[in-house]
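Thanks for coming. I have one structure to go through today, so please look at the screen.

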Amino acid sequence: MASIAKTVVATGVSSGLGFEAIKQLLLQQSQPYKVILGARNTQSAIAAYDALGYECSGHAVTVLPLELSDVRTVKAFSQQVLERVGGEEIDYLLLNAAIAEGADKPGPKGWRWCEPLVVNHFSQHYLTHLLREKLVASKSRIVFVSSGAIRRVTDPSTLDDMLKSASGADGSSVYCATKFLQLVNAHWWRRELTGQCDVVAVSPGLIPGTGLGRGNGLATTSMDMPDAKPVATGAQSILAAFTRSDFPSDPDQIFLTSWGEWWSKGVIETTLDRKLQDKWSWSKEEIEREVGITA
């Protein structure tokens, strides 16, 4: 591994699909990586990565505490990331974290929105804000792990009521809605960072092996279903978003499918509404006011 290490900052990679994607990076020998990841259970994540037996002379993994339902830990995580990176660059920001739950509980830590919206969208949007200066200086690639489930949202005007704290909305509807807004936000960041960073959304495909949403109201999935893919294949789809450079001439086509094509605007048309993007892509200060964070 003679080449210079590339730095990946990641959420949602301590288990499941995200873990498999980072595992594949660490077990290859051609390019060294420094991975800085946030995890709710840091000891468990450290043990999982140590068990891989990757080549430590080339790769490095740093696990930092992060609880995405609490944006205060997001701020602390971002500060630790910047300290760790120092004068080096962040090559990739991988936003993979997601939960699949209903909106039957009060919102976390003062939020008027349900926890899945905070975790799947707002906290990772906030993290991007906090790292923005370094991302721009690094000309980073920002990868949003999205989902084909965004197609199930046909009327965005219903999302305000559905995603509020304790709305009672079921897990399947909430998951689709939060992934939809995550893609809306990816488009906002693409507009904000045009000419400064590459922004890519990617679907890993139908991956039953992740167990996402088990017991939370999502439809049961299995490998017998058409188009179902194993976890390793889904991870490869995510990693393709790290390296693809054949971007369409239309800047709105940022969504890479699990079969390797860029989704047409007709499929993602509802997420291209700029007023909708602006509405749900809050400023850093708006997020901090929501939960009472002071400088």
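Which residues touch the most other members of the largest nonpolar core? They are Val 81, Trp 111, Ile 142 and Leu 163, in a core of 63 residues. By nonpolar core I mean a set of buried Ala, Val, Leu, Ile, Met, Phe, Trp, Tyr and Cys residues joined through side-chain atoms within 4.5 Å; buried means under 20% relative accessible area, with a 1.4 Å probe and protein chains only. The largest share of this core, 11 residues, comes from α6. Helices are DSSP runs of H or I, at least four residues, numbered from the N terminus, and strands are E runs of at least two. Apart from this core lies another, of 31 residues, with Phe 242 and Trp 262 among them.

Some housekeeping. This is a predicted model, where local features need pLDDT of at least 70, side-chain atom pairs count only at pLDDT 80 or more, and totals for chains, interfaces and linings use all residues. Residues are numbered from 1 along each chain as its sequence is written, and side-chain values use heavy atoms, leaving out hydrogens and water. The mean pLDDT, the predictor's confidence in each residue from 0 to 100, is 92 for the protein chain. Over residues 213-217 the pLDDT is below 50.

Next, the strands. β2 (residues 33-39) and β3 (residues 60-65) run parallel and are joined by six bridges; pairing requires at least two DSSP bridges. Ile 36 has Thr 62 in β3 as its bridge partner.

Last, Ser 138, in helix α4 (residues 115-138). Ser 138 is buried, at 7% relative accessible area.

Methods
Buried means under 20% relative accessible area, exposed over 50%, partly exposed in between (1.4 Å probe, protein chains only). Contact means heavy atoms within 4.5 Å.
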